[in-house]
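Trainee: Can you walk me through a few helices in this one? I'd like to see how they sit against each other.

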Amino acid sequence: MSWRLWIETAGLKSSSLRGPAPASANPRDFYDFEDERSVKPTADKISEAEQSKIDITRRFKTRMWDEIAQAAMKEGHTKEDILARCEMLDTLLLDFTPNLDKLSPKKFVELAVDASAVGRRIAVLKSHFPGIDIPQLWLDRPSTFLESEKELDESALKLKDLLSKAKDINSIITVLPMMINIEYTVSILVTMKNRFPTVDPVEELEKDPDYILRSQANGQPLDPVFFDGESWSAPSFDRSSSNLNLEWQRNLRKKQKEEEEEFWRLERLKKEKKENDTKTSFLDK
């Protein structure tokens with residue numbers, strides 16, 4: 001769904017937009033659910049349930065736009081100005097829709113105000129990885145486009161270094177554009193190494209980059225990694241006794257044991273009370 005139609009869905013119009021929405025537009029065109037594959041009914045045949053979906057979507061988008069507009073006005077910009085700049089973002093990012101769960105209204109305004117800079121950042125990414133999926137990167141991690149050209153260039157060089165064993169890095173980045181985020185890349189490589197310890201993680205990833213997406217879709221998260229300011233590290237999952245003797249681990253095990261003992265103590269008391277009540281009831285009879 002285009003940005004202009006997205007705004008018009010919320011009932012918001014501006015002279016900066018190139019013309020009004022078509023008068024004959026089907027109300028069901030105002031939203032796009034993944035399961036909509038059938039032919040859409042005409043406007044006069046929309047059911048009450050379908051109209052309710054449209055109304056909910058419109059209210060949601062109106063609230064979202066209100067948050068963006070308020071953030072824009074706090075920064076000294078008008079709604080019309082932000083709308084015009086969003087049209088530029090729509091051209092650059094394709095199928096552009098804001099997601100305030102991943103980018104705050106203030107940050108979104110910051111991005112929209114400097115829309116031309118987004119174009120330069122995209123150029124940097126494309127110069128390193130021609131096949132990178134920009135619209136998908138926007139959906140997954142919109143904050144990427146707030147980074148400077150220098151930061152993106154450095155990230156791209158680090159990524160190339162981490163994936164130096166790959167025969168075709170671009171084939172991996174095409175599937176996993178989020179790998180421009182170094183933490184995400186390191187997490188992927190650590191995960192691959194832990195799951196496939198006998199093979200090189202980069203080579204295994206290159207064979208099937210979709211594996212990461214399938215894994216996450218099936219509820220298997222990536223292993224966490226941490227940056228100490230100089231290097232990346234991953235926590236050890238070794239369960240041997242030598243790795244379970246830190247003070248916090250001993251305290252945790254002690255607390256768990258105490259809680260378990262208390263649980264069973266209460267269970268025994270309940271059982272004894274129930275038995276006593278049964279005996280009392282039998283004697284009363």
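Mentor: One term to start with: buried means under 20% relative accessible area, and exposed means over 50%. Also keep in mind that this is a predicted model.

Trainee: Fine. Which residues are buried in helix 7?

Mentor: L152, S155, A156 and L159 are buried there. Because they cover an arc of only 100° around the axis, they lie on the same side of helix 7.

Trainee: And which exposed residues does the face turned away from that buried side carry?

Mentor: That face of helix 7 carries K150 and D161, both exposed.

Trainee: What do the buried residues of helix 7 pack against?

Mentor: Their partners are helix 5, helix 8 (169-175) and helix 9 (182-195).

Trainee: Let's move to helix 5. Which of its residues are buried?

Mentor: A115, A117, V118, R121, I122, V124, L125 and H128. These cover an arc of only 155° around the axis, so they are on the same side of helix 5. They pack against helix 3 (79-93), helix 4 (105-113), helix 6 (134-140) and helix 7 (149-162).

Trainee: How far apart are the end C-alpha atoms of helix 5?

Mentor: They are 21 Å apart; at 1.5 Å a residue, its 14 residues should span 20 Å, so the two agree.

Trainee: New topic. At what angle do helix 9 and helix 11 pack?

Mentor: About 85°, with their axes 12 Å apart. Angles of 65 to 115 degrees count as roughly perpendicular, so helix 9 is roughly perpendicular to helix 11.

Trainee: Which residues make the contact?

Mentor: Helix 9 supplies Y184, I188, M192 and R195, and helix 11 supplies Y211, I212, S215 and Q216. By class, that contact has five nonpolar, two polar and one charged residues.

Methods:
Residues are numbered from 1 along each chain as its sequence is written. This is a predicted model: local features need pLDDT of at least 70, side-chain atom pairs count only at pLDDT 80 or more; totals for chains, interfaces and linings use all residues. Side-chain values use heavy atoms; hydrogens and water are left out. Helices (H or I, at least four residues) and strands (E, at least two) are DSSP runs, numbered from the N terminus. The expected span of a helix is 1.5 Å times one less than its number of residues. Buried means under 20% relative accessible area, exposed over 50%, partly exposed in between (1.4 Å probe, protein chains only). The arc is that of the directions from the helix axis to the C-beta atoms. Contact means heavy atoms within 4.5 Å. Axes are lines fitted to C-alpha atoms, for helices over the stretch in contact, and angles run from 0 to 180 degrees between N-to-C directions. Angles under 35 degrees count as roughly parallel, over 145 as roughly antiparallel, 65 to 115 as roughly perpendicular and the rest as oblique. Ala, Val, Leu, Ile, Met, Phe, Trp, Tyr, Cys and Pro count as nonpolar, Asp, Glu, Lys and Arg as charged, and the others, Gly among them, as polar.
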